[in-house]
Amino acid sequence: AFGRYLESHRVAMALKLYAQDELVATTTKSQQASAALFDTHPLAINTARFPLAVLNMSFHYILSKLNSPDKKAAADEEDTFEPTLQLAYILKAMEPPRCFGKEPAGTKQE
């Protein structure tokens with residue numbers, strides 16, 4: 001059960017970071033009026049709308065390729081730091097020509 005909790009936390013943090021960095025959350029006056037009209041909290045109207053490419057990622061496959069922090073913590077016996085999944089970089093890697101293992105002309109590899 002802890003493994004599923006840990007994986008869901010990894011995905012939640014990755015989506016939160018993606019929303020903060022890549023998506024612009026703006027609320028117009030018409031959206032605020034819609035929230036009031038439908039008796040909805042304004043933040044429900046202002047939530048991030050993720051692209052389908054992000055929502056349809058194979059998170060199970062991505063998470064299966066990561067090291068398990070509980071095994072790492074048992075070996076190190078110290079606080080372990082795990083970087084957040086960078087969904088924007090994964091999306092960039094899925095676009096041509098990067099998906100074919102080539103870099104676009106005139107760009108540096110990230």
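I began with the residue classes, in which Ala, Val, Leu, Ile, Met, Phe, Trp, Tyr, Cys and Pro count as nonpolar, Asp, Glu, Lys and Arg as charged, and the others, Gly among them, as polar. The model is a predicted one, in which local features need pLDDT of at least 70 and side-chain atom pairs count only at pLDDT 80 or more, while totals for chains, interfaces and linings use all residues. Residues are numbered from 1 along each chain as its sequence is written, and side-chain values use heavy atoms, with hydrogens and water left out.

**Entry: the pocket**

I looked up the largest pocket, where a pocket is, on a 1 Å grid over the protein atoms alone, an open set of points where a 1.4 Å probe fits, with protein on both sides within 12 Å along at least five of seven lines, and where lining residues have an atom within 4 Å of a point. The space in the largest pocket comes to about 200 Å³, the volume being the space filled by probe spheres set on the points, with grid points joined across faces, edges and corners. I noted 11 lining residues, and Leu66, Glu82, Pro83, Thr84 and Leu85 are the ones that lie nearest the centre. By class, the lining of the largest pocket holds 5 nonpolar, 3 polar and 3 charged residues.

**Entry: the chain as a whole**

I then went through the secondary structure, taking helices (H or I, at least four residues) and strands (E, at least two) as DSSP runs numbered from the N terminus. For accessibility I used buried for under 20% relative accessible area, exposed for over 50% and partly exposed for what lies in between, with a 1.4 Å probe and protein chains only. Of the 110 residues in the protein chain, 16% are buried. Taking contact as heavy atoms within 4.5 Å, I found that, among contacts in the protein chain with a separation of 6 or more, 65% join residues 24 or more positions apart.

Ala14 is placed in helix H1 and is buried, because its relative accessible area is 1%. Leaving aside neighbours within four places in sequence, Ala14 is in contact with Thr84, Leu85 and Leu87, and its C-alpha lies 9.6 Å from that of Pro83, 69 residues away in sequence. Leu17 also lies in helix H1, but at 21% relative accessibility Leu17 counts as partly exposed. Not counting residues up to four places away in sequence, Leu17 touches Thr84, Leu85 and Gln86, and the C-alpha atoms of Leu17 and Leu85, 68 residues apart along the chain, are separated by 8.5 Å.

**Entry: aromatic pairs**

I searched the whole structure for aromatic pairs and found 2, where rings of Phe, Tyr and Trp (its six-membered ring) pair if their centres lie within 6.5 Å, and planes under 30 degrees apart count as stacked, over 60 as edge-to-face and the rest as tilted. One of them joins Phe2 and Tyr5, which is tilted because the planes stand at 35°, with ring centres 6.1 Å apart. Both residues lie in helix H1 (residues 2–22), 3 residues apart, about one turn of the helix. Phe2 is exposed at 51% relative accessible area, and Tyr5 is exposed at 52%.

**Entry: the segment after helix H7**

I noted that the peptide bond from Pro96 to Pro97 is cis, with omega near 0°, and that Pro97 lies in the segment after helix H7 (87–94). My search of the whole structure for salt bridges gave 1, a salt bridge being a side-chain nitrogen of Lys or Arg within 4 Å of a carboxyl oxygen of Asp or Glu. The side chains of Arg98 and Glu103 form it, at 3.6 Å from N to O. Arg98 is partly exposed at 25% relative accessibility, and Glu103 is partly exposed at 33%.
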